[in-house]
Amino acid sequence: MKGVRKIAVDQLVNYLATDPIKKMPKIVSLAKKLDPKHQYDFYIDGIYNALMDEDGNWHKFTIDLFKEVNTKTIRKVAECFMVNSTMVGGPRRDKIKAKYNCNVPWALLLDPTSACNLSCTGCWASEYGKQYNLPYDILDSLVKQGKKLGIYWYLFSGGEPLIRKDDIIKLCAKHQDCFFFAFTNGTLVDEKLCEDMERVGNFILAFSIEGDEEATDMRRGKGCYQKVISAMELMKKHKLLFGYSTCYHRYNTENVGSDEFIDDMIARGCRFAWNFTYIPIGKDAKLDFIATPEQRAYMYRRIQEIRATKPIFALDFWNDGEAANGCIAGGRSYLHINANGDAEPCAFIHYANVNIKDVSLLEALRSPLFMEYKKHQPFNENLLRPCPLLDNPEILMEMVHNSSAYSTQLEGPETVDELCAKTIPAAEKWAPVADKLWEERKQILASKNPFPDN
């Protein structure tokens, strides 16, 4: 039976990687045969309906994708993400969760280095210092351990991860059954990297950008916008898959949410957009950068509009709490290992009980702070208030105190009480706005019209 299943999986990958619109009926039939428990019927049917609507944005997205992105990369997306991470990894993760009563994520976020060639205003990673690196052997070991747990998706942040691009490409080449992704400032993208990415096929980039040239250079430094645009042009020339990542704050939210900016990013070849809201981490954090409740509500509505009307896959790390059933950190869907090896529940929660140099990945997932996360998730019945730091700081303080976790900010440690003192006012202001939105959303869902005109 395993041989038959492998043949079926290989056939599914071939269908997905070569003009899936024409082969969609065969894809659906085969995908459902590979899912005998019908766990993914809802998603399979939803994807089918969206892609077959010739007037829809997802139909256009798929047509453009196959025109403009090389087949090897598309095949790797299908093989590593859709098949290995979901059909192979899912059951494996479920068994380990049940056996050890802990969270097991489907993605691992790693910092290969804390070094960076920029100094962006309010950067959440700057508090780690710039002198730390995870050796290649540790990165390789984490991928090996992750696969045994059912994890096939690995993301890199930093620092600037492409400072270690040779080691990252080496990992990609060795672990062809996994998919790799890096958040990058784009300044180190060159012809050789693009050629290496073409060769391995399982590595994509998200370019950090803050809106238009003025908004980007204001936070990231003069000339950074043009460097990102040049890197996008190079990636597009090589028919590589990429998108953008943006931090929306008080001074750029309307800019990054505008039709002008999003349409420009799509025209430049971006296939996905990661939206993060500003978090005041570190003793020198800029509190005035915190987005207002009105701006956060605007982005909540705006992301829904983008998904319904534009050919780009848009995510909002906070406002998608509804789709994710709350916070995804603490190993529930992902965890973060910084460049010093500290195992943190989230890239924005700089506390830990263990270091990956001393414990296994599974032991890290069973450490006290991670178990506190599992115990408390979701952190709020209102899934538009998912975050323990930005939305429910009293719970984060309780979890860190209960687990006796230490601060991992080597440049400027701060207690959890000091950290949360900066977010409590924002949480209090967001709560009534989020509660009103949540009640409206529940009424919409009850009426079976989840995407109203806004």
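Colleague: What makes Val-189 a residue that touches others, and which ones?

Modeller: Not counting residues up to four places away in sequence, Val-189 touches Leu-162, Cys-194, Leu-205, Phe-207, Ala-231, Leu-234 and Met-235. Contact means heavy atoms within 4.5 Å. This is a predicted model, where local features need pLDDT of at least 70 and side-chain atom pairs count only at 80 or more, while totals for chains, interfaces and linings use all residues. Residues are numbered from 1 along each chain as its sequence is written, and side-chain values use heavy atoms, without hydrogens or water.

Colleague: How many residues are in the largest nonpolar core, and which have the most contacts inside it?

Modeller: That core has 65 residues, with Val-189, Phe-203 and Tyr-244 having the most contacts inside it. Helix H10 (residues 224-237) gives the most, with 7 residues. A second, separate core has 44 residues, including Cys-80 and Phe-272.

Colleague: Why is a set of residues called a nonpolar core?

Modeller: Its members are buried Ala, Val, Leu, Ile, Met, Phe, Trp, Tyr or Cys residues, joined through side-chain atoms within 4.5 Å. Buried means under 20% relative accessible area, exposed over 50%, and partly exposed in between (1.4 Å probe, protein chains only).

Colleague: Why is strand E6 (residues 272-277) called largely enclosed?

Modeller: 6 of its 6 residues are buried, so the rest of the structure largely encloses E6. Phe-272, Trp-274 and Phe-276 are buried on one side, and Ala-273, Asn-275 and Thr-277 on the other. Strands (E, at least two residues) and helices (H or I, at least four) are DSSP runs, numbered from the N terminus.

Colleague: How do you know that E5 and E6 pair?

Modeller: Two strands pair if DSSP finds at least two bridges between them. E5 (residues 242-248) and E6 have 5 bridges, in the parallel sense, so they meet that rule. Phe-276 in E6 is the bridge partner of Cys-247. E6 and E7 (residues 313-316) also run parallel, joined by 4 bridges. There, Asn-275 has Asp-316 as its bridge partner.

Colleague: Is Asp-320 buried or exposed?

Modeller: Its relative accessible area is 14%, so Asp-320 is buried. Asp-320 lies in the loop between E7 and helix H14 (321-324). Leaving aside neighbours within four places in sequence, Asp-320 is in contact with Arg-307 and Leu-315.
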